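My notes follow in the order I looked.

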Amino acid sequence: MPKEYIMTAAGKRELEERLEHIKMVEMPAIVAEIATARAQGDLSENAEYDIARDEQAKLQNEIDAIKEKLMYAKVIDEKSINDDVVSVGCTIEVIEADIADGLAEVEKCGLSRTDIIEGFLTRMSVNDMRANKQNRPILGELTAEDYAVAGSELLGGKRYKKEELLDKGFSADELSLKVKARAKADRTKCAGLKSYTIVGSHESDALNGKISNESRVGSAFLDKEENDVVMVGDLLFKILSIAVDKKSMRR
């Protein structure tokens, strides 16, 4: 089954414009260069000819790749996008921290112990964490009470069903503690605030905060909700807001 290329209307238009430019401007220019180089005679030692042919091959490969993406393009319908969950076309504001820097540095970014534990819970059970404690010094600073508080807060925030938390290693006694309301992050006290827009793979531009839905980080954000915590490698993210700029999708 052919690969489906998810993109915005603006992204598709960019591809179409790029294809037109290659076919009408760049390819004719390189064909002219090849003709000029060929006219010089012996092609076996003609560097200009070899360079021009290589460039022509690159352009043809780009044409083929663009045609494939356009043929199997799935354009996001802006009317179907909402800001309840992260999807292609959404811009999210997150707190980002590197847990390799240690718990104190993570907390400076505005993330709590509960956030850290929740991040680990998204990819491994509590028992797995305890078994791997020696390989992750940061977990050595988390006490049994930390796990219990995290369990009650996660349960209170409806992040998991009780059965799911039990499966992750929390005991019934831990989950019977008084549920605490989850406080939203105070932006004025948070370091590590960043903004990312989730786009199709060909629209990605990491330097300008546009990350591909197929990338490791981008795919981890998909279908997450506001205040969800996501862990990718040693990076921990907490989603503070989700917004949809429908005008930019149509540009």
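Before assigning anything to a helix, I noted that helices are DSSP runs of H or I with at least four residues, numbered from the N terminus. I also noted that the model is predicted.

**Entry 1**

I checked Asp54 in particular and placed it in helix H2. Its relative accessible area is 48%, so I wrote Asp54 down as partly exposed.

**Entry 2: salt bridges**

I counted salt bridges, taking a side-chain nitrogen of Lys or Arg within 4 Å of a carboxyl oxygen of Asp or Glu. The count came to 7 salt bridges.

I looked up Glu62 and found a salt bridge with Arg18, where the closest N and O atoms are 2.8 Å apart. Glu62 sits in helix H2 and Arg18 in helix H1 (residues 9-38), so this pair ties together parts 44 residues apart in sequence. I recorded Glu62 as partly exposed, at 28% relative accessibility. Arg18 is also partly exposed, with a relative accessible area of 29%.

I went on to Glu105, which forms a salt bridge with Lys108; here the closest N and O atoms are 3.2 Å apart. Both residues are in helix H3 (residues 103-108), and because they are 3 residues apart, about one helical turn separates them. Is Lys108 buried or exposed? I noted Lys108 as exposed, with a relative accessible area of 52%. For Glu105 the relative accessible area is 37%, which means partly exposed.

I also looked up Glu107, which forms a salt bridge with Arg113, with the closest N and O atoms 3.7 Å apart. Glu107 is partly exposed at a relative accessible area of 35%, and Arg113 is partly exposed at 29%. Turning to shared partners, I found that salt bridges join Arg18, Glu26 and Glu62 into one network.

**Entry 3: helix H7**

I checked the length of helix H7, residues 144-156. At 1.5 Å a residue, its 13 residues should span 18 Å, and the end C-alpha atoms are 18 Å apart, so the two agree.

Which residues in H7 are buried? I listed Asp146, Tyr147, Ala148, Ala150, Gly151, Ser152, Glu153 and Leu154. For this list, I took buried as under 20% relative accessible area.

Definitions and conventions
Residues are numbered from 1 along each chain as its sequence is written. This is a predicted model: local features need pLDDT of at least 70, side-chain atom pairs count only at pLDDT 80 or more; totals for chains, interfaces and linings use all residues. Side-chain values use heavy atoms; hydrogens and water are left out. Helices (H or I, at least four residues) and strands (E, at least two) are DSSP runs, numbered from the N terminus. Buried means under 20% relative accessible area, exposed over 50%, partly exposed in between (1.4 Å probe, protein chains only). The expected span of a helix is 1.5 Å times one less than its number of residues.
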